[in-house]
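Hi everyone, thanks for coming. Please have the sequence and the 3D view open while I talk, and stop me whenever a term is new to you.

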Amino acid sequence: MPQMVLIVDDHAGFRGFARRLLQAGGYTVVGEAEDGASALAAVAELRPELVLLDVMLPDIDGFAVAARLAEDGEGPVVVLTSSREAADFRTRLQRSPASGFIHKDDLSGAALERLARARA
């Protein structure tokens, strides 16, 4: 299962919360990014196995970032997250190359692991 994680969210408080929660669950957080452009650069530099990616970013939305990461077929596992409900993104989630979606309130190491296993 992917263990090296990049957290992408424009809210520093959520990034810190996610980092603590995932590290407590045995994940290694290799970095953080606050927008889509920084996320793409961080993936190229850090080579995470999994990217926890906020849907709503200030520059490039998470769906576009996920699509770019999937272009070569060898990108990391991508799990989208939002404080909005999955139903708000239903069609876009169905078309996305991301492995799945976790509401921010439901984030846990076990939830990430389930989605990562589904991709494998």
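Predicted model: local features only at pLDDT ≥ 70, side-chain atom pairs only at ≥ 80, totals over all residues.

Residues are numbered from 1 along each chain as its sequence is written, and side-chain values use heavy atoms, with hydrogens and water left out.

Now the overall layout. The protein chain has five helices and five strands, and along the sequence they follow the pattern β-α-β-α-β-α-β-α-β-α. Helices (H or I, at least four residues) and strands (E, at least two) are DSSP runs, numbered from the N terminus.

How big is the protein chain along its principal axes? The C-alpha trace spans about 35 × 30 × 30 Å.

Of the 120 residues, 48% are buried. Here buried means under 20% relative accessible area, exposed means over 50%, and partly exposed is in between (1.4 Å probe, protein chains only).

Back to the strands. Two strands pair if DSSP finds at least two bridges between them. Right-handed means that, with the strands pointing away from the viewer, the path from the first strand over the helix to the second runs clockwise.

On to β1, which pairs with β3 in the parallel sense over four bridges. There, V8 has L53 in β3 as its bridge partner. β1 also pairs with β2 (residues 28–33), again in the parallel sense, over five bridges. In β2, G31 stands opposite L6, and E32 stands opposite I7. Together, β1, α1 and β2 make another β-α-β unit, and this unit is right-handed.

How well covered are these strands? In β1, four of its five residues are buried, and in β3 five of its five residues are buried. In a regular strand the side chains alternate between the two faces of the sheet. For β3, L50, L52 and D54 lie on one side and V51 and L53 on the other, and all are buried.

That brings us to the inside. In soluble globular proteins, nonpolar side chains tend to be buried together. A nonpolar core is a set of buried Ala, Val, Leu, Ile, Met, Phe, Trp, Tyr and Cys residues joined through side-chain atoms within 4.5 Å. The largest one here has 20 residues, and V8, V51, L53, V65, L69, V78 and L80 have the most contacts inside it. Elements giving two or more residues to this core are β1 (4–8), α2 (36–46), β3 (50–54), α3 (62–70) and β4 (77–82). A second, separate core of 17 residues includes L22, L52, L107 and A111.

Two last stops. Q23 sits in helix α1 (residues 12–24) and counts as partly exposed because its relative accessibility is 39%. Q23 and G109 are 86 residues apart in sequence, yet 8.6 Å apart in space, C-alpha to C-alpha.

Finally, look at R47, in the loop between α2 and β3. Most residues other than glycine have a negative phi. R47 has a positive value, near 55°. With 60% relative accessibility, R47 counts as exposed.

That's my tour, and I'm happy to take questions.
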